[in-house]
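Subject: Model for you to look at

Hi,

Here is the structure I promised to pass on.

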Amino acid sequence: MTQADSDFIKVEKLHKVFGNLHVLKSIDLSIRKGETVCLIGSSGSGKSTLLRCLNFMEYPTAGRISVKGKTVGKETGTMLDAPTFRYDEKALSEHRQHIGMVFQQFNLFPHMSVLENVMEGPRTVLGKRRDEVEAEALKQLARVGLSEKADQYPSRLSGGQQQRVAIARALAMQPDVMLFDEVTSSLDPELVGEVLNVMKDLSAEGMTMIVVTHELGFAYHVADRVLFLHGGQILEQGPPEKILKNPAEPRIQQFLSGFSSFNF
């Protein structure tokens, strides 16, 4: 494994401040190529903000983010004992093309068919023709088990099916890494499994994935590493067996006690 693969995504001294609220506090994190990392922790611990900083939906207040050995942004100074950067929107747009993100809400275009939703990114962002992207879109719909729904509209689909379309839409951009932000939290319980199974398959195929989730069974069975965030910092990280069954930190033990059972 090359250095670029072992530090596929590298975060150094990452801070995010909103007004008087210091949400992320000097986060250091390396993600290997092909690794599945699950972020767990209480609401407000900074999990979603970390994800949003990785694809620059939120600009870091300070700290360095590098992808495949290349630092994003131009260094300008220091703050909070960390480097600060200026970000060029054109460069960020290119950066985001390589990072797929799936949210809690599906955000599908209601006036477009499933197939058109999946083709939209490659057509509008990459400027490709319909005949160039249709085959790839159909391939990604097959990957999430929705080939037969290509001509349907989102309103005709279940929540789980809509979320799988959202995953296919992100995959159609052929990203290097996938970010998942609580993607099952708005689904009815019986629909959660179909989405998690797609994510499990992606992990098995070697997709690099960072997943914010409360689905501890998924984290236990699928993640290579689990990170527990608390107060904007990584309190503990390690293999799922260690973090979810034998955590060293009392705060994690307290957090896990709130889950009466997880499917281990």
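This is a predicted model: local features need pLDDT of at least 70, side-chain atom pairs count only at pLDDT 80 or more; totals for chains, interfaces and linings use all residues.

Residues are numbered from 1 along each chain as its sequence is written, and side-chain values use heavy atoms, with hydrogens and water left out.

The annotation comes first. UniProt, in an unreviewed entry, lists residues 9-256 as "domain: ABC transporter" (positions are in the numbering used here, feature names are shortened, and annotations may be inferred rather than shown by experiment). Over that stretch the chain is 36% helix and 29% strand, with the end C-alpha atoms 28 Å apart. Helices (H or I, at least four residues) and strands (E, at least two) are DSSP runs, numbered from the N terminus.

Now the open space. A pocket is an open set of points on a 1 Å grid over the protein atoms alone, with protein on both sides within 12 Å along at least five of seven lines; a cavity is a set where a 1.4 Å probe fits but cannot get out, and lining residues have an atom within 4 Å of a point. Points are joined across faces, edges and corners, and a volume is the space filled by probe spheres set on them.

The largest pocket holds about 580 Å³. Its lining has 22 residues, and Ile-99, Met-101, Arg-169, Ala-170 and Met-173 lie nearest the centre. Helix 3 (89-96), strand 8 (99-102), helix 4 (114-124) and helix 6 (159-171) each give two or more residues to that lining, with the largest share, four residues, coming from strand 8. By class, the lining has eleven nonpolar, eight polar and three charged residues (Ala, Val, Leu, Ile, Met, Phe, Trp, Tyr, Cys and Pro count as nonpolar, Asp, Glu, Lys and Arg as charged, and the others, Gly among them, as polar).

The second largest pocket comes in at about 360 Å³. Of its 14 lining residues, Lys-70, Val-72, Ala-91, Glu-94 and His-95 are the closest to the centre. Strand 5 (70-71) and helix 3 each supply at least two residues of this lining, and helix 3 has the largest share with four. Here the classes are five nonpolar, four polar and five charged.

Finally, the helices. Helix 6 and helix 7 pack at about 20°, axes 8 Å apart (axes are lines fitted to C-alpha atoms, for helices over the stretch in contact, and angles run from 0 to 180 degrees between N-to-C directions). That makes helix 6 roughly parallel to helix 7 (under 35 degrees; over 145 is roughly antiparallel, 65 to 115 roughly perpendicular and the rest oblique). Helix 4 and helix 5 (130-143) pack at about 125°, axes 9 Å apart, and are therefore oblique to each other.

Cheers
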